[in-house]
Amino acid sequence: MKFFIDTAEVKDIIELNKLGIVDGVTTNPSLVLKSGKNMVEVIKEISNLVDGPISAEVVSAQSDGMIAEGLELLKISKNIAVKIPLTWEGLKACQVLSDNGAMVNITLCFSVNQALLAAKAGAAFISPFVGRLDDINVEGMSLIADIKQVYDNYNFHTEILVASIRTVNHITEAALIGADIVTVPPKIIKQLADHPLTSAGLEVFNQDWLKTGQKII
Ligand code: E4P
């Protein structure tokens, strides 16, 4: 399973990239706002750091505008994935850009039918938002399992990019289902390393090591 980082904060990407665990980056208008930076500049900065797909989102409502913005974003770097919302207009733009060889990440997906349409329109990635479904008391991870089943049934090549991740359990479940990618906020990526038994075990080892009076170096 690939790890994308769900952020426009360059310092976080640099830190996680050092571990070699960053397979791509996703951004959206809210994350760009949070970064306080110019969108094109921050996407350029990120694409210089990470080789994998960098999702940059269009903001037009009509397909023509989305296509024009997508073509502009594609000029930033060869690893840009144009992120397009799952609307009828978005699907039209997806088809055109995908036909021209662009990677398209279809975002704001909340149903299997939407995911089916995105695959038919040639999307490279489908982004179902699990956290936002959980927020309204709908089991987000069930959607991932259902999309996986449907894509497998028909051998669609669109990759399932699990988005709106809020907990480390989302990541475990995505991996068990066999999702292709998770896009994760930096804070949650770091939580993956935590376990109370690791902390407790280390505490005991450290105390016992002090009692030995030894040093390694
Ligand atoms: C990623 O592509 C999405 O933009 C992101 O995961 C949304 O997450 P949120 O629901 O926490 O805003």
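In what follows, a residue is called buried under 20% relative accessible area, exposed over 50%, and partly exposed in between, with a 1.4 Å probe and protein chains only. Good morning. The model before you is predicted, so local features need pLDDT of at least 70 and side-chain atom pairs count only at pLDDT 80 or more, while totals for chains, interfaces and linings use all residues. Residues are numbered from 1 along each chain as its sequence is written, and side-chain values use heavy atoms, with hydrogens and water left out.

Let me begin with the chain as a whole. The protein chain has eleven helices and eight strands; helices (H or I, at least four residues) and strands (E, at least two) are DSSP runs, numbered from the N terminus. Along its principal axes, the C-alpha trace spans about 70 × 40 × 30 Å. Of the 217 residues in the protein chain, 45% are buried. The accessible surface comes to about 11,500 Å², and carbon and sulfur atoms hold 56% of that. Such areas come from the Shrake-Rupley method with a 1.4 Å probe; for residues, only the protein chains shown count as cover. Contact here means heavy atoms within 4.5 Å. Among contacts with a separation of 6 or more, 57% join residues 24 or more positions apart.

I turn now to a helix pair. Two packed helices are described by the angle between their axes and the distance between the axes. Helix H1 (residues 10-17) packs with helix H3 (residues 39-49) at an angle of about 5°, the axes being 10 Å apart. Axes are lines fitted to C-alpha atoms, for helices over the stretch in contact, and angles run from 0 to 180 degrees between N-to-C directions. H1 and H3 are therefore roughly parallel to each other, a term for angles under 35 degrees. On the H1 side, Val10, Ile13, Ile14 and Asn17 meet Val42, Glu45, Ile46 and Leu49 of H3.

Next, the charged pairs. A salt bridge is a side-chain nitrogen of Lys or Arg within 4 Å of a carboxyl oxygen of Asp or Glu, and the count by this rule comes to ten. Which residue forms a salt bridge with Lys190? The partner is Glu15, with the closest N and O atoms 3.0 Å apart. Lys190 lies in helix H10 (residues 186-191) and Glu15 in helix H1, so this pair ties together parts that are 175 residues apart in sequence. Lys190 is partly exposed at 42% relative accessibility, and Glu15 is partly exposed at 38%.

Glu45, named above among the H3 residues that meet H1, forms a salt bridge with Lys37, the closest N and O atoms being 3.3 Å apart. Both ends are partly exposed, Lys37 at 37% and Glu45 at 33%.

A further salt bridge joins Asp135 and Arg166, with 2.9 Å between the closest N and O atoms. This pair links distant parts of the chain, 31 residues apart: Asp135 is in helix H7 (residues 130-135), and Arg166 is in the loop between strand S7 (159-162) and helix H9 (168-177). Asp135 is exposed at 54%, whereas Arg166 is partly exposed at 39%.

Finally, Gln114. This residue is in helix H6 (residues 112-120). Leaving aside neighbours within four places in sequence, Gln114 is in contact with Leu86, Leu108 and Cys109. The C-alpha atoms of Gln114 and Ile217 are separated by 59 Å, and the two residues are 103 residues apart along the chain. Thank you.

Terms used: Angles under 35 degrees count as roughly parallel, over 145 as roughly antiparallel, 65 to 115 as roughly perpendicular and the rest as oblique.
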